[in-house]
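This report examines the structure shown below. Please look at the model before reading on.

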Amino acid sequence: MNETRSQIVWQHMDNFVRHSGASWPTLAAEVRWQYEARVAEPLRHIEFSQHRDLHERQRLDAQTLRRFEHDVKFGLPADIEEACVFGLRDAGYTGFEMLLSDLAERYGLLAAPKPMPACEVQDIGRLLKETGEAIQAVAPMLIDGRIDDNDRPYAKDALGQINDALAMLVSYQARIVAILPDAVAVHLKSVGTGK
């Protein structure tokens, strides 16, 4: 790993602002809302602006937020990371799942969505989409019939796409295991993971 956790979050935030047409003040407003919703007032250490004018307050909040980007000693405070991530989601960032995947990967985990019973039909479409994207990402690596050092330029994207597809499969696995009797579910789960 060559990047810190903070750098990963900042790369995604910067990518969102550069490519979406959104502004830092707009994103800062989303982050502030998430922070204040997720962290109880007595525990808040990040001081956002109290200015009366909404636009000036958002501009000052963006300055407060961006100071963390250049803080080489401490980086992004852990207490505001969630707010930054979910602020991106609420602002409509299309790379939200990739951000979750990048952060989970640092722990050796997959960012599998929590099973939501009402979403099975929509999620099957997403599963097919993620699987198709994984196949497309791996395809250039298989042109010569093997995966080797020559395929390194494709590796990061392919791995990210595979992890996204696996996360959806793990989510389905959890839904299916939940409807099976305990003994069968434990056996099938251990067979599936090889443990």
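Six residues of the largest nonpolar core, which has 27 residues, touch the most other members: Met 13, Leu 27, Val 31, Leu 65, Ile 80 and Cys 84. At least two residues of this core come from each of helix 1, helix 2, helix 3, helix 4 and helix 5 (96-105). Helix 1 contributes the most, namely 6 residues. A nonpolar core is here a set of buried Ala, Val, Leu, Ile, Met, Phe, Trp, Tyr and Cys residues joined through side-chain atoms within 4.5 Å. Buried means a relative accessible area under 20%, exposed means over 50%, and partly exposed lies in between, with a 1.4 Å probe and protein chains only.

The model is predicted: local features need a pLDDT of at least 70 and side-chain atom pairs count only at pLDDT 80 or more, whereas totals for chains, interfaces and linings use all residues. Residues are numbered from 1 along each chain as its sequence is written, and side-chain values use heavy atoms, with hydrogens and water left out.

The term pLDDT denotes the predictor's confidence in each residue, from 0 to 100. Its mean over the chain is 85, and 88% of the residues reach 70 or more. Among the elements, helix 2 has the highest mean pLDDT (94) and helix 8 (residues 182-193) the lowest (58).

The chain contains 8 helices and 0 strands. Helices (H or I, at least four residues) and strands (E, at least two) are DSSP runs, numbered from the N terminus. Of the 195 residues in the chain, 33% are buried.

Among contacts between residues at least 6 apart in sequence, 67% join residues at least 24 apart.

Helix 3 can be followed in detail. Its 16 residues (residues 54-69) should span 22 Å at 1.5 Å a residue, and its end C-alpha atoms are 23 Å apart, which agrees. The expected span is 1.5 Å times one less than the number of residues. The buried residues of helix 3 are Gln 58, Asp 61, Ala 62, Thr 64, Leu 65 and Phe 68. These residues cover an arc of only 160° around the axis, so they lie on the same side of helix 3. The arc is that of the directions from the helix axis to the C-beta atoms. On the other side of helix 3, His 55 and Arg 67 are exposed. The cover over the buried residues includes helix 1 (5-20), helix 2 (24-38) and helix 4 (78-90).

In helix 5, the buried residues include Phe 96, Leu 99 and Ser 101. The buried residues of this helix pack against helix 1, helix 4 and helix 7.

Gln 161 is found in helix 7 (residues 152-178). Leaving aside neighbours within four places in sequence, Gln 161 is in contact with Glu 130, Glu 133, Ala 134 and Ala 137. Ile 147 lies in the loop between helix 6 (120-138) and helix 7. Residues up to four places away in sequence not being counted, Ile 147 touches Met 141 and Leu 142.

Notes:
Contact means heavy atoms within 4.5 Å.
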